[in-house]
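Dear colleague,

I am handing over the structure below, and after it I set out what was found in it. Please read the notes with the coordinates open beside you.

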Amino acid sequence: MPSIGHFFSMKILVADKISPKGVAYLRQQPGFDVVEAYGSSPEKILELVKDVHAIAVRSETKITREVFAAAPLLKVVGRAGVGVDNVDVDAATEHGVVVMNTPAGNTIATAELTFTHILCGARPVPQAAASMKAGQWDRKSFSGIELFKKTLGIVGLGRIGGEVAKRAQAFGMRVLAYDPYLAPSRAKAMQVEAATLDELLVQSDYITVHMPLTDDARYMIDEAAFEKCKKGLRIFNCARGGIIKEAALLAALKSGKVAAAGLDVYEDEPLAKESEFRALPNVVLTPHLGASTAEAQDAVGVEVAEQIADVLAGGVIRNAVNMPSIDANALKILGPYLDLGAKLGALVQQIAPQQIATLRITYWGKMVDLDAESVTRSIQRGFLRRISGDEVNFVNAPVVLQRLGVHVEVVKSAGASDYAELIAVEAVAPDGKTFSAQGTLNGKTSQPRIVGINGRDVEVAAEGKLLVLENVDQPGMVGTVGTILGKDKVNIADMSLSRLTPGGTAYMVVRVDTEPSENARKEIKSHPAIKQAKFVQL
């Protein structure tokens, strides 16, 4: 790492207790003034950040918009852990602050804790241990079942889910995996059986969830899901609170539908003292211990310290959730392209089916002469944003796509284009059908614009909320859609229309200020002239 020098110091605030090895690493770097302020109140944090250049946190301290506004010298916030729920990433980006996490450090720790919960769900060891400490010798009350030849359903086969699968296979379990973005070839390579969510719910003896908490994953396991499950199911969550609906789980535990559960994460943390879960004898609870091993804490503490030091020294940016892994000078040139790329990736993912075989990225014009690697990664991260949540960043996006079995192709085209610079992103489904979007930069401020969707020319700002409609080209369609949105009190900010031939199929892209209600979306989709309707958030 290049030396910072001794002419001035850079202050680093360690707001939450990270590994002492990480703090020691920071103190060893020349020119760093390290301040440890564990357990500080929000008011104290606002006071401390006035002259800091970097902040290191875990999950306790909230780095809010007010904190960024109060810290004019701040360059980087490092989170020792996977998620960045306690950091206002949008505010950080607006203030030009890099936000980084350490997504890989807790993989084994969380997988092992999950399997500990699975074992405790099969054999009531915690309950038996409590009985023994109470002076009892009760062999009859703590009978269990074996894992051998049972079916484990894994919801989400990412890094941690994959490690859990390996351990289950070692115990002789049959492993089903539901991951809507996982290619069958990848499942086969991991020796697991790919399944739909319904198939997994119906067939599993044990279920463990390992999805990020996205809009699609929230309450994925609810009352309706439990209805489909076997009586006597055992279920576990060491991922994120809110994937399993707690009210539904409580009801299923009380009815006997669920025989045992193990929870490390909760919808609201810390878990309320009066929570009904605490009183149920067939539930094992741990206080969000997924990453709480000495090895994991050392790994993430040292990793976040090294990442912070690299940024302050003007070196590479690693594991950033809001910026690419490039130096500051390149970032100034590529910044607008990164924004455009991320939005094109997000748009294509939302208009394409869940399972994709190939992600093809094509550059024209000025983009051909630039180092487009970081833009490619921004596109990949945008595509994965709603799939993998906080776990995906500019560094690991290619690996995450590879894990899902998605092949990435990058083409720099010398062909003619209607624009001085153009990026096209195509998602190719296993059946060969292609879903695509094209974008460019517009004006002196390089504003990102969407100029093509699924082969149709459109023109709309690449920001906010979009309705992408494919409809029969007939009179009154604009008025029909406008009337439905108007009844829903949704204001139209921008609109683009495209058709190939009169009376054929037309495209309508409507940019709106607020998200249409479910009823409004249903009314639009049910109109006989509308063939397809997608709501997209960029």
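Glu246 touches Tyr266, Glu267 and Phe277 when residues up to four places away in sequence are not counted, a contact meaning heavy atoms within 4.5 Å. The model is a predicted one, in which local features need pLDDT of at least 70 and side-chain atom pairs count only at pLDDT 80 or more, whereas totals for chains, interfaces and linings use all residues. Residues are numbered from 1 along each chain as its sequence is written, and side-chain values use heavy atoms, with hydrogens and water left out.

Glu246 is found in helix α11, residues 246-255 (helices, H or I of at least four residues, and strands, E of at least two, are DSSP runs numbered from the N terminus). The residue is buried yet has no salt bridge, and the nearest side chain of opposite charge, that of Arg218, is 9.7 Å away. Here buried means under 20% relative accessible area, exposed means over 50%, and partly exposed lies in between, with a 1.4 Å probe and protein chains only; a salt bridge is a side-chain nitrogen of Lys or Arg within 4 Å of a carboxyl oxygen of Asp or Glu. For charge, Lys and Arg count as positive and Asp and Glu as negative, while His and the chain ends are not counted. What the side chain of Glu246 does reach is the backbone nitrogen of Glu267, at 2.7 Å.

Salt bridges elsewhere come to a count of 22 by this rule. One of them joins the side chains of Arg27 and Glu36 at 2.7 Å, N to O; Arg27 is partly exposed with a relative accessible area of 45%, and Glu36 is partly exposed as well, at 38%. Another is formed by Asp339 with Lys343, whose closest N and O atoms are 3.5 Å apart, and these two residues, being four residues apart in helix α13, are separated by about one helical turn. Asp339 counts as partly exposed at 33% relative accessibility, whereas Lys343 counts as buried at 16%. Arg521 forms a salt bridge with Glu515, the closest N and O atoms being 2.3 Å apart; Arg521 is buried, with a relative accessible area of 19%, and Glu515 is partly exposed, with 39%. Salt bridges that share partners also join Glu163, Lys166 and Arg167 into one network.

The second largest pocket has a volume of about 400 Å³. Of the 17 residues that line this pocket, the closest to its centre are Asp216, Gln350, Arg386, Arg521 and Phe535. At least two lining residues are supplied by each of α13 (328-351), α17 (518-526) and β22 (530-537), and the largest share, four residues, comes from β22. Pockets and cavities were found on a 1 Å grid over the protein atoms alone: a cavity is a set of points where a 1.4 Å probe fits but cannot get out, a pocket is an open set with protein on both sides within 12 Å along at least five of seven lines, and lining residues have an atom within 4 Å of a point. Grid points are joined across faces, edges and corners, and a volume is the space filled by probe spheres set on the points.

By this rule there are three cavities of 30 Å³ or more. The largest cavity holds about 50 Å³ of space and is lined by Ile351, Asn454, Val468, Leu469, Glu470, Tyr507, Gln532 and Lys534. The elements that give two or more residues to its lining are β19 (465-472) and β22, with β19 giving the most, three residues.

His210 lies in the loop between β9 (206-209) and α10 (223-228) and counts as buried at 9% relative accessibility. Its side chain makes a polar contact with the side chain of Thr208 at 2.8 Å (a pair of N or O atoms within 3.5 Å; within protein, one must be able to donate a hydrogen and the other to accept it, and residues adjacent in sequence count only if both atoms are side-chain atoms).

Lastly, some backbone points. A cis peptide bond joins Glu269 and Pro270, with omega about 0°, and Pro270 is found in the loop between β11 (258-263) and β12 (283-285). Lys149 has a positive phi of about 70° although it is not a glycine, and this residue counts as exposed at 66% relative accessibility.

Best regards
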